[in-house]
Amino acid sequence: MEPAMQYRRLGRSGLQVSELSLGSWITYHNQVDTQAATEMLAAAYDAGVNFFDNAEVYALGKSEEVMGAAFKKLGWARHRYIVSTKFFWGIDRDAAHTTNFKDTLNRKYLMQAIDGSLKRLQLDHVDLIYCHRPDPHTPIEETVWAMSDIIRQGKALYWGTSEWSADEIRAAWAIAERHHLHKPVMEQPQYNLFHRKRVEQEYARLYEDIGLGLTTWSPLASGLLTGKYKSGIPEGSRGAMENMAWMRDQLQDPARNKAVGELEGIAAELGGNVAQLAIAWINSNPRVSTVILGASKLAQLQDNLGALALTPKLTPEVLARIDALCKPLAA
Ligand SMILES: NC(=O)c1ccc[n+]([C@@H]2O[C@H](COP(=O)([O-])OP(=O)(O)OC[C@H]3O[C@@H](n4cnc5c(N)ncnc54)[C@H](OP(=O)(O)O)[C@@H]3O)[C@@H](O)[C@H]2O)c1
């Protein structure tokens, strides 16, 4: 039997998120239809997952539609789960008149984006909303007011950022503090064995200073940390998808794939596999509120949830061996 899921406070907020959560980037609509999504959401929920991550831009709104339809089928009481969405790129991108609705965090875009997401998710509120990237062209003050106003309207409960610099996060927090607005409570950064510096160095002071929580993404570096790319791009994998061609060099990086091969040995000694080890490693960082998993198949999700069993086995000695292999290769 797997150890029980633990719950952690999302930064300084009172909200408790499951240490492992589940997201829908790339997968929903493209690889995972409503039926498969329903099965995976149910499996995650049964394992104790309470947080499901989404974004307006995923499959240009279709990912929210799939998740919304799946929630409807599952019929869970709304207070039992946490759902997020994120705004920045916009989904109405083509015509000249949409210039205010793409690659922006301006008030006009944000105030309508939330309504579109709620409609597609078939919900009257989401729990978490994120500014999906920083927008250098909109004053941070305007964005902070808009995110806070969305919360005041009851359409979302907490807000945060994704891939903002430490300075931008601190500036947003200070503006909210000054004007008694809702403050950003969490960041969503990439964090995995090959991508560490932002979480471990750049944000280091923010955890205590402003109580920043982290919902981290791409725990397996898009599948690299499963070992599946050691001898090329397997058919049916993310790397084989036409629109993911830009990722192929990263996935096939020889030095990183060699390190993954060596990590497999450590994982086997601990009674798990390399994907579970990579997820457990993230989970062992107390700054991480929740590790957002990705899966295109139910079996992958079940496999990855096995990381819970490995987490307590990551002793300082094991962590040092992992560091020796991966730290020199990490961004
Ligand atoms: N805020 C942001 O900017 C941002 C960016 C990216 C992601 N995210 C969030 O983070 C979530 C997770 O990111 P991610 O999907 O990139 O996570 P990931 O764990 O790095 O990659 C997941 C992919 O790896 C493959 N995989 C997963 N488990 C496997 C296993 N046990 N064996 C073999 N292959 C396996 C699957 O792809 P294939 O089967 O197709 O190969 C799966 O879709 C997203 O869904 C999203 O919610 C946020």
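Asp-115 sits in helix α3, which spans residues 107-121. Asp-115 counts as exposed, because it has 12 C-beta neighbours inside 10 Å. The C-alpha atoms of Asp-115 and Glu-202 are separated by 34 Å. Along the chain, these two residues are 87 residues apart. The model is predicted.

**Nonpolar core**

- In soluble globular proteins, nonpolar side chains tend to be buried together.
- Here the largest nonpolar core has 92 residues.
- Leu-110, Ile-129, Leu-225 and Ala-278 are the residues with the most contacts inside this core.
- Helix α10, residues 274-283, gives the most to this core, with eight residues.
- Leu-110 touches Phe-87, Leu-105, Ala-146, Met-147 and Ile-150, leaving aside residues up to four places away in sequence.

**Helices α9 and α13**

- Two packed helices are described by the angle between their axes and the distance between the axes.
- Helix α9 covers residues 254-269, and helix α13 covers residues 316-326.
- They pack at an angle of about 165°, and their axes are 10 Å apart.
- Angles over 145 degrees count as roughly antiparallel, so α9 is roughly antiparallel to α13.
- The crossing of α9 past α13 is right-handed.
- On the α9 side, the contact is made by Ala-259, Glu-262, Leu-263 and Ile-266.
- On the α13 side, they meet Val-318, Arg-321, Ile-322, Leu-325 and Cys-326.
- The residues of this contact comprise seven nonpolar, no polar and two charged.

**Helices α1 and α2**

- Helix α1 runs over residues 34-46, and helix α2 over residues 62-74.
- Their axes come within 9 Å and cross at roughly 60°.
- At that angle, α1 and α2 are therefore oblique to each other.
- This crossing is right-handed.
- Helix α1 contributes Thr-34, Ala-37, Thr-38, Leu-41 and Ala-42 to the contact.
- Helix α2 meets them with Val-66, Met-67, Ala-69, Ala-70, Lys-73 and Leu-74.
- The contact residues of α1 and α2 divide into eight nonpolar, two polar and one charged.

**Another residue of helix α1**

- Ala-36 is also found in helix α1.
- Ala-36 is partly exposed, because 18 other C-beta atoms lie within 10 Å.
- Ala-36 and Lys-228 are 192 residues apart along the chain.
- The C-alpha atoms of Ala-36 and Lys-228 are separated by 22 Å.

**Positive phi in loops**

- Ala-59 is not a glycine, yet its phi is positive, at about 50°.
- Ala-59 lies in the loop between β4, residues 51-53, and α2.
- Ala-59 has 19 C-beta neighbours inside 10 Å, so it counts as partly exposed.
- Ser-222 is a residue other than glycine, and its phi is a positive value near 65°.
- Ser-222 is found in the loop between β9, residues 213-216, and α8, residues 248-251.
- A residue is buried if 20 or more other C-beta atoms lie within 10 Å of its own.
- Ser-222 has 22 C-beta neighbours inside 10 Å and therefore counts as buried.

Conventions:
Residues numbered from 1 in each chain as written. Predicted model: local features only at pLDDT ≥ 70, side-chain atom pairs only at ≥ 80, totals over all residues. Axes fitted to C-alpha atoms, helices over the stretch in contact; angles between N-to-C directions. Helix = DSSP H or I, 4+ residues; strand = E, 2+ residues; numbered from the N terminus. Parallel < 35°, antiparallel > 145°, perpendicular 65-115°, else oblique. Left-handed = near helix turned anticlockwise from the far one by under 90°. Contact = placed C-beta atoms within 7 Å. Nonpolar A, V, L, I, M, F, W, Y, C, P; charged D, E, K, R; others polar. Core = buried A, V, L, I, M, F, W, Y, C linked by C-beta atoms within 7 Å.
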